[in-house]
Amino acid sequence: MERLPLYSYRIIDLTTAWAGAYTTRLLADMGAEVIKVEAVNDGDLMRSAMFNHVSRNKYACALDLAQARGRELFLRLVALSDVVVEDYRPKVVEELGLSYDILRSARPDIIVVSLSSNGPGEDSADDGPAGVDYGEPVAGLAAAGAVALALWHRRRTGEGQHVDVARREAIAGLIGEYVVGYSMNRRLPRPAGNRHSSMAPHGCYPCAGDDRWVTIAVEDDEQFAALCRVMGRPELASDPRFADVVSRYRSQDELDSLVQGWTRQLTPQAVTVALQAAGVAAAPVLGAPALFDDPHLRARGFWESVSHPEAGTWDIDGVPWRLSRSPAHVRLPAPRFGEHNDYVLRGLLRLSEEEVRELAAAGVIGDRPGPGVRQQG
Amino acid sequence: MTSLSVLHVLDLSEGVAGAYCTKLLAGFGANVTMIERPAGDPLRRHGPFPDDLPHGEKSALFLYLNTGKKGITLDIGQRSGALIFRRLVEEAEVVVEGFAPGYLTELGLGYESLARIKPRLVMTSVTPFGQDGPYAGYKATNLTAFAAGGQMAVTGEPDREPLKNGGYQAEYQAGLHAFTATAVTAFSADATEVGQHIDIAAMECLATMLEPYVSSWAYEKHDIGRRLGNIESEAAPIAVVRAVQDLLEVPQLRARGFFQEIDHPAAGRLTYPGPPFRLEAMPWQTARAPLLGEHNEEVYCGELGISHEELAVLRASGVI
């Protein structure tokens, strides 16, 4: 078995929110040594179920970057690292004295990834909806790919670089055809709900039980005939209202009520199995609990068990892609606060035991959670 | 030209996911050749189109997803086509595909046999449910993949049916995963000279991005998944109308030069979104999408040394 792809690369994680934490999660999943540098007092905003999930496979070291000695230790750590990922506001980066130029003076070929809402240069008033934002994991995932490209470039040229990831731009990539379409016709797209520009029926239908749903998408005449047979209504396939794609497109309301009348009697799984056997695309609407129980995900080993000394043993999702020669897994539970201080300070930075004790006493390093830190128990 | 131009990528995927993956690789400088069936990628049939008139060279979806790529036609389903594909693989580092699991193996073009031609080959397979498991043979579309991956359950209004997001979000997300996985794995194969097969299931990609919901259920057995209205929906607020309007109106994106004008011989000069992130040393390339079979002669004659006479035979027999 091969080593993991990013084995031997060290990444410093200064992130405080989901997007960046997701970037370093994926890089850690791929074998990088990710060291999360935490603030000594307030810890991570997300120390929670979410924290434990997104921080698996990472190490943690608590350093006060606002103190000169903390900053100096940090820059020494940068000198031993390949990548720094940060999501501070530009003002904070300047205040802490951790701009790209300064990091580059510590390590000339350093790769620095900066994540923001709209790009650097301005603190954005619009940070998107409160709570969880789809833009966060999209930007985080894109940034992980950016790191791989930047490492590629460094190997070929010896140069590091700055990587600028703006959430709004990352998400724009996923609706690009509408931007191009707007420039064609100067018209915004019409809201389509679950409907499609050519497929019908194409929707989400209620099933037996409370809030249970199934999706069905019919691409062509053959699939429509199969759907009619499975519904026990073979005559509908030749009904002039539905006999060809255009008629079906025009009769979507009628079609949807016919399909609903059938799905309401069945579970989403029963509809799915029957339609898939007949060659029609169908899938249940699965929520998080159903995903955990899903036989397909279980069979593929998507869920992996992780034991955390304080949070217990749980199943969490493993790595979102499978590599044939170096399959990646959850190797470590999320770190406890400052769990790897010793590894970083004594192992990597070669400080003596006495120096570490003195730095802890001065509050430059944190060895126990501050009042803002809630350990998941 | 960037330092990525030495990475040769063959894209067989003919779908949004694979196309988005290779669009990003091409954008950062990789040498990407997309391989369409002789009749053309089915994405060419999907709009938006100028004045809503369908035209194979004017699909906004196709134009957007294939910027920066070379385009050739090839029917790998014919033995002659499969043999040509194997020759192309000799010069490639990455193959991206999205066929039903097992199809390429049937043609003698599965990962194992391609890796014998090119041990350092990275092959990225991006499909709705992955290469194995009980649903591997299931049919899927963007809609059903969005449902199976867990995102639909938290999108929409509480008092009506769950909604999908606008456009092809399930496929784009799988494509973005494919990009990152491919970039990481190709980087590693570049040093080890040993490639791998990457198996990407859209269902797993979508579920992975539901981290707050999944972690809450994993650690606390608390299901926070609710539909809260499409605009305020916590997990997936891509209401396309609002998002496009928002993009076009945000002054900062214009100030950052995010949008680019790209000319195309059939579709004309249009506005395209720029890169999902900016690499200071690897500037975003903005070449247009290829016309159908535009680079056949360049690739088949120029790169593979096929004569014009042979090219005519291949064309007449429907191989290219």
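A:Ile11 stands opposite A:Val34 in β2(A). This is a predicted model: local features need pLDDT of at least 70, side-chain atom pairs count only at pLDDT 80 or more, and totals for chains, interfaces and linings use all residues. Residues are numbered from 1 along each chain as its sequence is written, while chains are lettered from A and ligands numbered from 1 in the order in which they are written.

Strand β1 (residues 10-13) and strand β2 (residues 33-38), both of chain A, pair in the parallel sense over four bridges. Strands pair if DSSP finds at least two bridges between them. Helices (H or I, at least four residues) and strands (E, at least two) are DSSP runs, numbered from the N terminus.

## The sheet across two chains

Seven strands make an open sheet with mixed pairing, in the order β3(A)-β2(A)-β1(A)-β4(A)-β5(A)-β6(A)-β9(B). β3 (58-62) of chain A and β9 (278-279) of chain B stand at the edges, each with a single partner strand, so one side of each is left without a neighbour in the sheet.

Elsewhere, two bridges join strand β12 (residues 322-323) of chain A to strand β6 (residues 197-201) of chain B. These two strands run antiparallel. A:Arg322 stands opposite B:Asp199 in β6(B).

## The contact between chains

Chain A gives 100 residues to the contact and chain B gives 103. Two residues are in contact if their C-beta atoms, placed from the backbone, lie within 7 Å. On the side of chain A that touches chain B, α6(A) gives the most, with 16 residues. By class, that side has 60 nonpolar, 27 polar and 13 charged residues. Ala, Val, Leu, Ile, Met, Phe, Trp, Tyr, Cys and Pro count as nonpolar, Asp, Glu, Lys and Arg as charged, and the others, Gly among them, as polar.

## The nonpolar core

The largest nonpolar core has 227 residues. Such a core is a set of buried Ala, Val, Leu, Ile, Met, Phe, Trp, Tyr and Cys residues joined through C-beta atoms within 7 Å. Buried means that 20 or more other C-beta atoms lie within 10 Å of the residue's own. A:Val113, A:Ala143, A:Ala146, A:Val147 and A:Val165 touch the most other members. Helix α6 (residues 135-157) of chain A brings the largest share, 13 residues.

Beyond its neighbours within four places in sequence, A:Val165 is in contact with residues including A:Val113, A:Ala143, A:Ala146 and B:Phe277.

## Chain A overall

Chain A holds 16 helices and twelve strands. Of its 377 residues, 55% are buried.

How values were computed:
A residue is buried if 20 or more other C-beta atoms lie within 10 Å of its own, exposed if 12 or fewer, and partly exposed in between; C-beta atoms are placed from the backbone.
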